[in-house]
Amino acid sequence: MDIFSSSRDNHGFDWGAFIAGILMVVVAFMLLRHPAKGLHAFVLIFAIVSIVQGIVWLAAYSRFREFFSRSWVAIVSGVLDIIIGILFICSYDIGGLTIAYLFAIWFFVDSVVGIAWSWHLRAFSTGYFVFNLILNILSLIIAFFLIINPVIAALSLVWLVAFWLLVFGINEIVVAFMHR
């Protein structure tokens, strides 16, 4: 009996992470290509992305609770992402005024969760663990920049968010392939 086959059967391609990653990368390129239009659609686009990411975190909980003791973090992150998405949809007019602070908190929470979540990847691959940790630390630096400089962040929010989505989207795509 192959010792790897039993552990392989418990894992499959993570379609949720893959789809979320593709959506994040596509949105990032759309924002970079049309920044003026992107700013007008910003609240709505990220409401949808936040809800999808929340669903991905909630789906991840059921897959990882057996071998990751801090899997409850996926539920917290998923619920927060969904709440933020619904808030953006419901308060579209004021969303633009508060978006810099909301995104700073969202980026911070997802980056911290990503750092905490990355520790389970050591069992899969040390290289991917280090890669994932670096990407999440990079996301955390972006979050600190948004918190410390809200005026500058508001002026360049489209570019910062596009870069963050690109990094996090690529990370999600790689996670999808690592879980197969």
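Tutor: Here is a short talk through confidence, fold and surface.

Student: What should I know about the numbering and the source?
Tutor: This is a predicted model, in which local features need pLDDT of at least 70, side-chain atom pairs count only at pLDDT 80 or more, and totals for chains, interfaces and linings use all residues. Residues are numbered from 1 along each chain as its sequence is written, and side-chain values use heavy atoms, with hydrogens and water left out.

Student: Where is confidence lowest, and where is it highest?
Tutor: On pLDDT, the predictor's confidence in each residue from 0 to 100, helix α1 (residues 3–9) is lowest with a mean of 42, while helix α2 (residues 15–33) is highest at 92. Helices here are DSSP runs of H or I with at least four residues, and strands are runs of E with at least two, numbered from the N terminus.

Student: And what is the average for the protein?
Tutor: The mean pLDDT is 81, and 86% of the residues reach at least 70.

Student: How many helices and strands are there?
Tutor: The protein has eight helices and zero strands.

Student: How much of it is buried?
Tutor: Of its 180 residues, 44% are buried, meaning under 20% relative accessible area, with exposed being over 50% and partly exposed in between (1.4 Å probe, protein chains only).

Student: Is I147 buried, partly exposed or exposed?
Tutor: I147, which sits in helix α6, counts as partly exposed because its relative accessibility is 39%.
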